[in-house]
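Here is a short briefing on a protein chain. Look at the sequence and the structure first, then work through the points.

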Amino acid sequence: MIWGIFKRDMCHTTRNVIAVIVSMGLVVVPALYAWFNIAASWDPYGNTKALKVAVANNDKGYKSDLIPVRVNVGETIISTLHANDQLDWQFVKSDKAIDGVKSGEYYAAIVIPKGFSADMMTLFSPDIKHAQLKYYLNEKINPIAPHITDQGATTVVNTIDKTFAKTIAQVGLDLASSILHYSQSPQMAEYMRNLNGNLTTTADTLSGASQQVTSYSQLLGSANDIVDSTGKLLASATKAGKQAQNALKQGKSGATSLTSAGANVTSSVNTTLDQVSGAFDQVAAKVNKAFDAIGKGSETAASQLATLSEQISSGESLYDTYITSLNHMRESVEQLPDSDSAKQALLEAIDREITLLEAAKGDSQKLAQQLKDASTQVTQDTAAAERSRKEILNRITSAKQSISNVRDDYATNVKPKIDALASTVSTLISQTDSIITQLSGTADGLDDVTGDVGTNVTSIRSTLGAIAKKLDSSAATVKELITKLETGGNAGDGNSDGGDGDNDADSGESDELRALATANASTLSTLISAPVALHRVSVYPIANYGSAMAPFYTILSIWVGAIILCAMLKVTISDREKAHVLGLGDTLPRIAGPSGPGNASRWGLRLDHEYFGRYAIFALLALLQGTLVCLGDTYFLGVQANHALQFLAVGWLAALVFSNIVYTLTVSFGDIGKAVAVVLLVMQVAGSGGTFPIETLPKFFQMLYPFLPFPHAIDAMYAAMAGSYGNEYLLDMVYLALFLIPSLLLGLVLRKPVIRLNNWVSRNLESTKVM
């Protein structure tokens, strides 16, 4: 039965030329619909150069007082856009640009304000202003044009950003290069040599000053030792006088007191030495008294003389201390610069003072020995004792003369020269003289005063030591600077010998700086302005925009083709055709009842036979539509199809599914079914994701998306064009084929209850004489 219906349909469609032409038209029209849309959208973004966009430059530029380089970003933008063919740039005045946007002459306009460059350069000032372009857009001309011109405006902004960064980087690199080249010039080399010479002189001067301050500090230390020695000598002399007086009192009755021997010490070293000399006079007097008492008490006199000998011997260490202090002073003076005119004279004076002190020490030693010898002779030989008295008195006179010589030489030679060298030393000696003058016979007071003098000297020496360290540190800093400059110069000349690790590091840094400055400034500035390049890696690449839109328009045209078939071909079978198929002649018997689906079932022509029999011609023409449109996409338009057979199979399956759905709706609901098919078409155009991603659509379409055949057909076609991820292609084909189940269910099972309803609706529509 099915075959019979199909065979008669084929005979009717090929009976005359008009039928053939109409059949061919039914096959070709859907293909034309797809091809026109695909060809029209083949490369829309490649033809944007025809879109007119006005550009007006009012930028006045910027020039800095620090860097006299004029910057005009507006001019740079205009120069760049002259070489840009992305849009049809129109370079006009700002008034004309704005008016042209309003009139529709230009799709958009970009106006660069007067202070654009100045605002951009506020990047280097505390008050930063954001530079702004004025962008005028006419959005009523075309819905897509604003998005294209927006992309062009974004390109301009990106160009400005890159140009600005490139300009700043290039200025900096050019400046660094100029400085490096100037640093390697002969003039700069001469400046560096002069600078190194001056710095070397400064370092030597600082080192010399540090040495001189250190020498003065050591000289103060020597003076402090002299003060200490003088105090000890005075205390010893006072003690010797007191002990001599006590000894004479024990040996002689009523010996006069010797407590005032050192009570009247003067305010200077000369006074101190006078008291020492006076002490020797007292010793001489006590010696005479001791020898006068030989006859009365020889043993007592001998004991007194032995005691005086020991006391004189104990005072010899004071001479050694005094000599040691002078030697320290001499060492300090030797450290003074040779250019100091007082150095040699002071050395000679100190040497004479030491010689005189050693002579005085010798006389003291001889006096002590003679007193010791005399203490043994007074009990043995009176005549020998008398000779010893004369020798001892002569020795005392000689010792007094030595002390006098020391005093005179100190006052004449040493002290004036020390005063000439440092006023501080003179002040300390004056303080020492004042302290010694105040000695009134008490050793404790003497110790306290000399201790204060030592504290003052120590404080001054500490200050001088700190100054010397500062001078040494400054000299070291200057020398380090010299080394850095010499290292930098060697690195710049390329003649560095290597040196230590620090020099190697500095040389490496200089080499890197030189390599950076001597490189191509334009290349480096371009790299700085755009340090990151986008490397686009296409996954399942599509050749062009037309190929990307081909699945949507192809699937859409196949659905449109199915609607056209149902609009042009009859979906029901007339009673006459049923009779011919059944072999009953031209008409069915009257018992068949009114004309309609299923009225010939008693003769074996069931409802399913009618359904599939008439659908066969629909399926054939739908397959021809799908074949033509897919082959035309691939071989006529050149749409990308990596798997051409799979691409064609999607077209065939979509043609069968879509034609069956539309056919079933029309068979079941008549003209209302056709309207439903159109509604489904509209819904799928918006909710299939063929143009915009489904995620960008409203929530309703996102929920509806899986229950529409378009998305699965489009996805399967994309997989056939660019490649399939796993079983993606097969799954989409299965999902698409599953839509046949509800369609067949409606056409074969659910159709029966609505037949009478559909007949009633049809009769009422026909009764209007309009529908």
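The side chains of D9 and R614 meet in a salt bridge, with 2.9 Å from N to O. A salt bridge here is a side-chain nitrogen of Lys or Arg within 4 Å of a carboxyl oxygen of Asp or Glu. D9 lies in helix α1 and R614 in helix α19 (residues 607-637), so the pair ties together parts that are 605 residues apart in sequence. This is a predicted model, in which local features need pLDDT of at least 70, side-chain atom pairs count only at pLDDT 80 or more, and totals for chains, interfaces and linings use all residues. Residues are numbered from 1 along each chain as its sequence is written, and side-chain values use heavy atoms, with hydrogens and water left out.

**Salt bridges**

- The structure holds five salt bridges.
- D9 counts as buried because its relative accessibility is 7%. Buried means under 20% relative accessible area, exposed means over 50%, and partly exposed is in between (1.4 Å probe, protein chains only).
- R614 is buried too, at 8% relative accessible area.
- E577 and R8 also meet through their side chains in a salt bridge, at 2.7 Å from N to O. This pair links distant parts of the chain: E577 sits in helix α18 (residues 575-582) and R8 in helix α1 (residues 2-13), 569 residues apart.
- Helices (H or I, at least four residues) and strands (E, at least two) are DSSP runs, numbered from the N terminus.
- E577 is buried, with 11% relative accessibility. R8 is partly exposed, with 22%.
- K674 forms a salt bridge with D671, and their closest N and O atoms are 3.5 Å apart. Both residues lie in helix α21, three residues apart, about one turn of the helix.
- K674 is partly exposed because its relative accessible area is 27%.

**The largest pocket**

- Rolling a probe the size of a water molecule over the atoms shows where empty space is left.
- About 830 Å³ of space lies in the largest pocket. The volume is the space filled by probe spheres set on grid points, which are joined across faces, edges and corners.
- A pocket is found on a 1 Å grid over the protein atoms alone: it is an open set of points where a 1.4 Å probe fits, with protein on both sides within 12 Å along at least five of seven lines, and lining residues have an atom within 4 Å of a point.
- The lining has 36 residues, and T572, P597, N758, N759 and S762 lie nearest the pocket's centre.
- Two or more lining residues come from each of α17 (545-568), α20 (644-669), α21 (671-687) and α26 (751-767). Which element gives the most? It is α26, with eleven residues.

**A nonpolar surface patch**

- V17, I18, I21, V22 and M568 form a nonpolar patch on the surface, with about 490 Å² of accessible area together.
- Patch residues have over 30% relative accessible area and no salt bridge; like charges are joined within 9 Å, and nonpolar side chains (Val, Leu, Ile, Met, Phe, Trp, Tyr) within 5 Å. Accessible areas come from the Shrake-Rupley method with a 1.4 Å probe, and for residues only the protein chains shown count as cover.
- Helix α2 (residues 17-40) gives the largest share of the patch, four residues.
- V22 is found in helix α2. V22 counts as partly exposed because its relative accessibility is 35%.
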